[in-house]
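User: Could we go through the ligand site and then another pocket of this protein?

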Amino acid sequence: MGILVVGSVAFDSVETPFGKVEKVLGGSATYFSTSASFFTDVSLVAVVGDDFPREHTEFLMSRNIDLRGLSRNRGETFSWTGRYGYDLNDAQTLETRLNVFETFKPSIPPEYEEAEYLFLANIDPDLQMEVLRQVKKPRIIASDTMNFWISSKNEALQKVIGMVDILIINDAEARQLSHEPNLVKSARTILSLGVKTLIIKRGEYGVLMFTDSTIFAAPAYPLEKVFDPTGAGDTFAGGFMGYLANTGNLSESGIRQAIVFGSVMASFTVEDFSLERLKTLTYPEIEDRYRSFKSMTHFEGLPGED
Ligand code: AMP
């Protein structure tokens with residue numbers, strides 16, 4: 001069972017305290033689909049400009065990502081420029097150039113309409129809605145967004161949130177969306193928009209999952225080597241959805257495992273710039289880190305209790 005993802009494919013220019021890269025491969029759908037491709041088949045819907053190099057499409061194809069939904073339009077590829085200080089949780093956007101996304105109308109190839117798993121990665125909520133209109137009846141719809149869209153397209157975004165099963169956003173976005181500083185109260189407000197499961201990413205502090213009746217917390221993997229957090233959120237979402245689509249297990253315990261796989265994948269992405277670490281990653285390394293997560297978070301119950 002594969003996943004259909006719509007989102008950005010981008011050129012990123014990023015500066016962190018540990019280095020600087022210009023015009024490297026990035027974008028929400030790029031990180032998501034590369035991460036998910038370790039677990040399942042992925043089909044990508046996005047647009048690039050005529051300046052997008054062949055080596056990037058070849059890389060995505062080498063991960064078996066179906067690019068029939070990737071349009072190549074006249075103009076420049078979407079680009080994002082950002083900077084991080086020593087607090088790597090805090091991304092500062094210096095420039096967002098929508099370029100070919102300004103006029104893009106996603107058209108879902110007929111063979112993707114029956115997709116069972118749909119991920120609306122960070123992109124204009126009007127485009128997310130356009131995709132929702134074209135797919136038949138996915139088993140799970142998840143979505144992401146960011147401050148840029150929360151402030152510029154709030155109404156459209158709220159409509160999308162009301163139609164998805166799982167919303168995956170970071171803590172600052174949750175606070176901005178709910179106008180509520182306390183994350184637990186913020187989660188209640190966001191769940192009242194109609195989404196059933198809310199996953200709040202907290203960078204190096206891990207992830208919180210909220211439903212009406214449960215809360216689950218997973219830490220981030222403690223790493224000595226963190227170079228660039230760009231794409232960590234999308235890589236998390238790719239591992240999370242990829243594992244769900246691979247197993248089809250949507251029980252509470254299946255979702256918890258998927259959250260840990262998402263965290264494992266994100267922990268690799270931040271070890272290098274762009275998608276460099278994901279390019280060399282192997283499945284046994286993923287499994288090893290999953291085991292480390294398990295032993296790192298295991299503790300016994302009270303004496304005489306499980
Ligand atoms: P994250 O996982 O949140 O670090 O996402 C980083 C990726 O989001 C980068 O590779 C950017 O190209 C992409 N991005 C940044 N701003 C936007 C935006 N406004 N819409 C869509 N994608 C974006």
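Analyst: A nitrogen atom of the ligand is 3.2 Å from an N or O atom in the side chain of Trp149, where a polar contact is a pair of N or O atoms within 3.5 Å. This is a predicted model, in which local features need pLDDT of at least 70, side-chain atom pairs count only at pLDDT 80 or more, and totals for chains, interfaces and linings use all residues. Residues are numbered from 1 along each chain as its sequence is written, and side-chain values use heavy atoms, without hydrogens and water.

User: What lies 2.7 Å from an oxygen atom of the ligand?

Analyst: A backbone N or O atom of Gly231 does. Asn122 also places a backbone N or O atom 3.5 Å from a ligand nitrogen atom.

User: Which residues come nearest to the ligand?

Analyst: Ser8, Asp12, Gly27, Gly231 and Asp234, out of 18 residues around the ligand (near means a heavy atom within 4 Å).

User: Which element gives the largest share of that shell?

Analyst: Helix α8, with 3 residues; helices here are DSSP runs of H or I with at least four residues, and strands are E runs of at least two, numbered from the N terminus.

User: Turning to the second largest pocket, which residues lie nearest its centre?

Analyst: Phe216, Val260, Phe293, Lys294 and Thr297, among 15 lining residues. On a 1 Å grid over the protein atoms alone, a pocket is an open set of points where a 1.4 Å probe fits, with protein on both sides within 12 Å along at least five of seven lines; lining residues have an atom within 4 Å of a point.

User: And which helix supplies the largest share of that lining?

Analyst: α11, with 5 residues.

Key. Polar contact = N/O pair within 3.5 Å; in protein donor to acceptor, adjacent residues only side chain to side chain.
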